[in-house]
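Please read it alongside the model.

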Amino acid sequence: MMMASDLLGGAGADALVSRRLFLKASSAAGGALLLGFDLLADVDRAVAAEQETFEPNAFVRVGRDGRVKIIVPYVEMGQGNYTTIPMLVAEELEVPLDAVDAEHAPPNEKLYGNPLLGGVQATGGSTATRAVWKPLREAGAAARTMLVAAAAQRWSVAPSSCKAQDGEVVHPGTGRRLTYGALVEAASAQPVPQSVELKRPEDFKLIGTSAKRLDAPAKVSGKAVYGIDVRLPNLKIATLAQSPVFGGRLKSVDDTKAKAVKGVRQIVRLDDCVAVVADHMGAAKKGLEALDIEWDDGSHRNLETADIQRELEEATLKRGAVAKEVGDVAKALETAARKVDATYQVPFLAHATMEPMNCTVHVRPDACEVWVGNQVIARAQAAAAAVTGLPLEKVAIHNHLIGGGFGRRLEVDGVTRAVQIAKLVDGPVKVIWTREEDIQHDMYRPFFLDRISAGLDGSGAVIAWRHHFAGSSILSRWLPPAFQNGLDPETIDGAANIIYGLPNFRLEYSRVEPPGIPTAFWRSVGPSHNIFVVESFIDELAAAAKKDPVSFRLSLLDHQPRAKTVLALAAEKSGWGTPLPERRGRGVSVQFVFGTYMAQVAEVEVTNDGSVRVRKVVCAVDCGTAINPDVVEAQVQGAVMFGISAALYGEISLKNGRVEQGNFDTYQVLRLNEAPTVEVHIVKNNEPPGGMGEPGTSAVVPAVSNAIYAATSIRLRRMPIDASALVNK
Amino acid sequence: MTTSLRINGTEHLVDVDDDTPLLWVLRDVLGMTGTKFGCGAALCGACTVHIDGAPTRSCITPVNGATGAEISTIEGIGTTEIGKKVQNAWLQNEVVQCGYCQSGQIMSAVALLTNNPHPTDADIDEAMSGNICRCGTYMRIRDAIKLAIDGHRG
């Protein structure tokens with residue numbers, strides 16, 4: 001029999017051990033600059049190999065044992081970065097994938113900033129693969145070139161007479177060979193090549209194969225360590241209550257009963273938050289429930305969703321910032337044989353990642369350590385420095401596997417909050433948000449409202465398209481320089497760069513920030529809203545022109561051969577045009593966002609009581625080079641489920657300044673018994689890769705809505721789907 | 001109050017209030033972090049463990065309700081034949097994405113197959129609908145359960 005205090009088994013202990021080794025290795029290597037924190041379970045070997053490694057650049061480490069460590073600049077939150085990014089390096093380095101260990105990059109925007117996100121060290125916007133495609137292959141090729149040069153020098157032969165394969169350099173002429181591990185020292189002495197030659201696609205061995213995910217074994221055995229799993233000596237657990245009205249303040253709190261709860265150690269009071277610090281989360285939660293808190297709700301105490309809707313509606317009647325203008329829309333609308341007008345709207349949405357918000361912090365007088373899973377770790381470091389007043393280099397960030405990001409962890413509000421609490425606690429504290437706090441203090445996908453009009457000529461051709469929408473600009477807060485002249489590229493993504501050839505086009509945007517409500521990126525960002533509007537409205541125009549939705553779209557895509565291909569493929573594979581039973585329908589969407597062409601056909605069934613069941617989704621995707629086709633397929637499957645959750649259920653609403661939803665009973669998401677079959681068809685080519693994390697989400701929402709129209713003749717212009725509008729239709 | 005718990009075949013003594021949810025005893029007191037917190041209200045299944053073989057949401061199960069019972073968690077499930085089969089099927093089918101819910105998914109799937117070696121699609125739906133996956137790995141979960149049953153991809 002063991003006492004609790006004796007137990008250090010399991011994943012937590014691994015994390016403790018690896019951290020100690022990590023710190024030791026870091027100091028041995030003279031600083032943590034190029035080292036990260038290995039969070040996959042099997043860390044000891046990787047850390048041990050840290051001594052005397054060949055380090056040609058910021059991404060590749062070759063150990064004397066021949067194992068290759070790849071410093072992955074983008075975090076793993078399910079999208080496969082820890083597999084696909086190592087594949088790129090391994091391809092050029094000529095090592096098998098099982099010789100590779102992936103490791104988080106430390107916070108360092110100079111080395112690891114994302115060129116596609118303004119240099120912020122961020123994983124988001126489906127940019128990771130696109131951002132690393134060339135530089136990480138070059139990093140692998142540079143390492144290979146130096147290893148080959150080292151071997152050639154030793155054998156006194158020309159480098160061109162040697163080749164790299166399977167972690168060795170071989171000289172086919174003489175049959176000599178040297179492992180990479182044996183070349184560590186000699187390769188380190190070679191000059192770093194100024195330019196390298198990348199492999200031709202026909203020579204790829206790994207890229208284009210469905211290599212197994214490197215993070216999977218630890219994730220099926222419970223050994224994977226997420227931020228919430230961190231264990232430290234003398235760690236306390238805290239949970240919190242933040243002002244239920246955004247912008248409210250703490251007025252008073254009676255903690256008499258909470259302090260009497262066994263295991264409760266401390267009550268922390270902040271301006272707009274109370275936290276209960278305890279030995280374990282059970283005691284912390286019990287303590288929190290026992291608090292008698294009085295809030296000063298502040299100026300947003302009466303806010304309702306309808307107020308926000310009204311404000312957006314009014315904004316769309318005024319002039320907005322012109323995002324794009326082609327031809328003369330007003331004139332074309334005057335001459336149109338038929339005019340179609342519509343108003344669309346989409347709600348606030350929570351991320352509801354499975355791993356609730358959490359962050360572990362230890363503040364000491366002269367240093368601060370943070371353990372977290374976050375998509376912007378350099379910002380996390382800066383946030384902790386700002387709260388503690390410590391210089392950046394005194395803040396250590398240990399990033400972890402992420403139990404779902406979807407944009408939520410592109411923010412550091414959780415880090416700031418945890419550091420504020422930890423400053424008042426002696427020793428390390430893990431701050432865990434309850435699910436209710438997580439949903440009620442999320443930073444939400446913005447509410448948008450759109451007015452849209454189009455004109456058709458006598459033949460049904462679209463001669464005018466006028467679109468004006470209002471809502472929050474996330475980038476204006478997240479990356480202020482990206483907001484120029486009343487516009488930012490994310491908010492209008494999918495609406496401005498519409499794929500259809502339209503002779504007269506005008507898009508206006510009015511930035512309206514909802515009072516007090518924080519907004520943030522949400523899987524598929526701008527297109528999560530814009531593609532729903534554009535692809536629904538184009539469907540309305542097809543119906544107005546009495547044309548088939550697929551052929552109507554195809555007729556507008558002559559200048560877009562890749563879009564045309566995916567649309568035709570999705571239609572063919574879905575059996576488009578073949579009969580369906582009563583109350584079933586197919587709907588289509590096509591888009592080019594995040595650098596990827598995608599078309600989807602959704603098949604839905606609408607029951608007499610109005611409930612919608614998505615039966616099947618067929619997706620055709622051209623994402624350029626599919627580095628790992630199975631990961632591409634998985635991302636589409638998952639993104640589709642995410643989008644259907646939003647379409648069927650997703651809505652955050654406000655009453656008396658408070659978010660009305662709190663847990664998975666009131667903020668429902670799709671479950672296995674409701675999940676459709678998702679069929680994915682990948683168009684193969686050697687174009688540079690497009691993003692895959694997000695397109696599936698934006699594409700499915702209009703496909704489902706259009707399918708409901710096909711089944712019922714009811715056009716839904718608001719999300720989520722209102723089942724009451726579909727009863728007996 | 002000292003409570004005795006038998007977890008994955010080993011006895012543990014813990015000193016917590018009787019009504020402390022088993023989840024927090026596992027995670028915060030005993031350091032077995034494979035079992036996950038998702039909702040705290042038996043709505044998402046991330047915290048699923050087996051109590052005498054029955055899939056149970058540990059986030060709402062008071063620790064005194066588990067005394068004297070055989071508790072199994074993700075850390076120990078691989079030592080059973082069905083547990084191993086399910087984990088292998090998960091790997092073969094590349095189910096995981098972020099992976100956070102998968103401990104609970106696997107525990108629910110193992111309980112299903114232990115009690116019902118040949119589940120129908122409806123049985124799978126019923127047994128697995130209490131486990132949410134926000135990454136949307138549902139299709140692969142379904143297929144992996146079938147793979148674990150008959151060794152063929154579903």
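Which strands does α3(A) lie across? Helix α3(A) lies across β2, β3 and β4 of chain A, running at about 130 degrees to β3(A). Contact here means that C-beta atoms, placed from the backbone, lie within 7 Å. Angles run from 0 to 180 degrees between N-to-C directions, with axes fitted to C-alpha atoms, for helices over the stretch in contact.

## Basis

This is a predicted model, in which local features need pLDDT of at least 70, side-chain atom pairs count only at pLDDT 80 or more, and totals for chains, interfaces and linings use all residues. Residues are numbered from 1 along each chain as its sequence is written, while chains are lettered from A and ligands numbered from 1 in the order in which they are written.

Helices (H or I, at least four residues) and strands (E, at least two) are DSSP runs, numbered from the N terminus.

## The sheet

The three-stranded order is β2-β3-β4 in chain A, an open sheet with mixed pairing; strands pair if DSSP finds at least two bridges between them. Strands β2 (60-62) and β4 (100-104) of chain A are at the edges, each with a single partner strand, so one side of each has no neighbour in the sheet.

Strand β3 (residues 68-72) of chain A runs parallel to β4(A), joined by 5 bridges. Lys69(A) is opposite Asp101(A) in β4(A).

## The helix pair

Helices α3 (residues 81-93) and α6 (residues 135-155) of chain A pack at about 35 degrees, with axes 7 Å apart. Residues of α3(A) in this contact include Ile85(A) and Leu88(A), and those of α6(A) include Leu136(A) and Ala139(A).

Key. Contact = placed C-beta atoms within 7 Å.
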